[in-house]
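Dear colleague,

I am passing on the structure below, followed by my notes on what turned up in it. Please read the notes with the model open beside you.

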Amino acid sequence: MGKPFAYQQVAAGTSNMVKLTTSVNPFNVTIAVAITGTASAKVQYTLDDPAGASDTIGTGLTWFDHATLVSLSASAVGNLAYPVTAVRTVVASASAATITTSVLQAGF
């Protein structure tokens, strides 16, 4: 069983992207967003090649909002069953908050 990749944010902004391995079969990814304090956040994914990004947050890539992990003000868990190349978290606002996003991909 793999260990989830986790990152924390305490202010508004976009997290570094987490690159995923599309060749894993089955491609299953669990994403958990833990929010303490007051915050608004969403998870996004891309199908673009992360190597084409001009920075670690994925500027220049096309990002799509996750179907259920949007407008988050409380902790939530979601998943991706179909291959994507990377995910990231966008925090619109944070006040005395910590937002921890954990990403676990099957097969690792």
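The chain exposes about 5700 Å², with carbon and sulfur atoms supplying 55% of that area; accessible areas here come from the Shrake-Rupley method with a 1.4 Å probe, and for residues only the protein chains shown count as cover. Please keep in mind that this is a predicted model, in which local features need pLDDT of at least 70 and side-chain atom pairs count only at pLDDT 80 or more, while totals for chains, interfaces and linings use all residues. Residues are numbered from 1 along each chain as its sequence is written, and side-chain values use heavy atoms, with hydrogens and water left out.

Overall architecture

The secondary structure comes to zero helices and seven strands, so that the pattern along the sequence reads β-β-β-β-β-β-β; helices (H or I, at least four residues) and strands (E, at least two) are DSSP runs, numbered from the N terminus. The C-alpha trace spans about 40 × 30 × 20 Å along its principal axes. The radius of gyration of the chain is 13 Å, which agrees with the value near 13 Å for a compact globule of 108 residues; this radius is taken over C-alpha atoms, and the globule rule is 2.2 Å times the number of residues to the power 0.38. Buried residues make up 40% of the 108 residues, where buried means under 20% relative accessible area, exposed over 50%, and partly exposed in between (1.4 Å probe, protein chains only). Among contacts (heavy atoms within 4.5 Å) between residues at least 6 apart in sequence, 81% join residues at least 24 apart.

Nonpolar cores

In soluble globular proteins, nonpolar side chains tend to be buried together. A nonpolar core is defined here as a set of buried Ala, Val, Leu, Ile, Met, Phe, Trp, Tyr and Cys residues joined through side-chain atoms within 4.5 Å. The largest such core has 21 residues, and those with the most contacts inside it are L20, V29, I31, V33, L80, V87 and I99. Strand 4, strand 6 (76-80) and strand 7 (86-105) each supply at least two residues of this core, and the largest share, seven residues, comes from strand 4. Leaving aside neighbours within four places in sequence, L20 is in contact with F27, V29, V84, T85, A86, V87, V103 and Q105.

A34 is partly exposed, at 36% relative accessible area, and beyond four places in sequence A34 touches S75, T98, I99 and T100; the C-alpha atoms of A34 and S75, 41 residues apart along the chain, are separated by 4.3 Å.

Q44 is buried, at 8%, and the Q44 side chain makes a polar contact of 3.0 Å with that of D65 and another of 2.9 Å with that of R88. A polar contact is a pair of N or O atoms within 3.5 Å; within protein, one must be able to donate a hydrogen and the other to accept it, and residues adjacent in sequence count only if both atoms are side-chain atoms.

R88 also brings in N16, which is found in the loop between strand 2 (13-14) and strand 3 (18-19): N16 and R88 are 72 residues apart in sequence and 6.3 Å apart in space, C-alpha to C-alpha. N16 is partly exposed, at 44%, and the side chains of N16 and T56 are joined by a polar contact of 2.8 Å.

Backbone points to check

Most residues other than glycine have a negative phi, and most peptide bonds are trans. A cis peptide bond, with omega of about 5°, joins N25 and P26, and P26 lies in the loop between strand 3 and strand 4. S71, in the loop between strand 5 (63-65) and strand 6, has a positive phi of about 50° although it is not a glycine, and S71 is exposed, at 65%. A96, in strand 7, likewise has a positive phi of about 50° without being a glycine, and A96 is exposed, at 78%.

With best wishes
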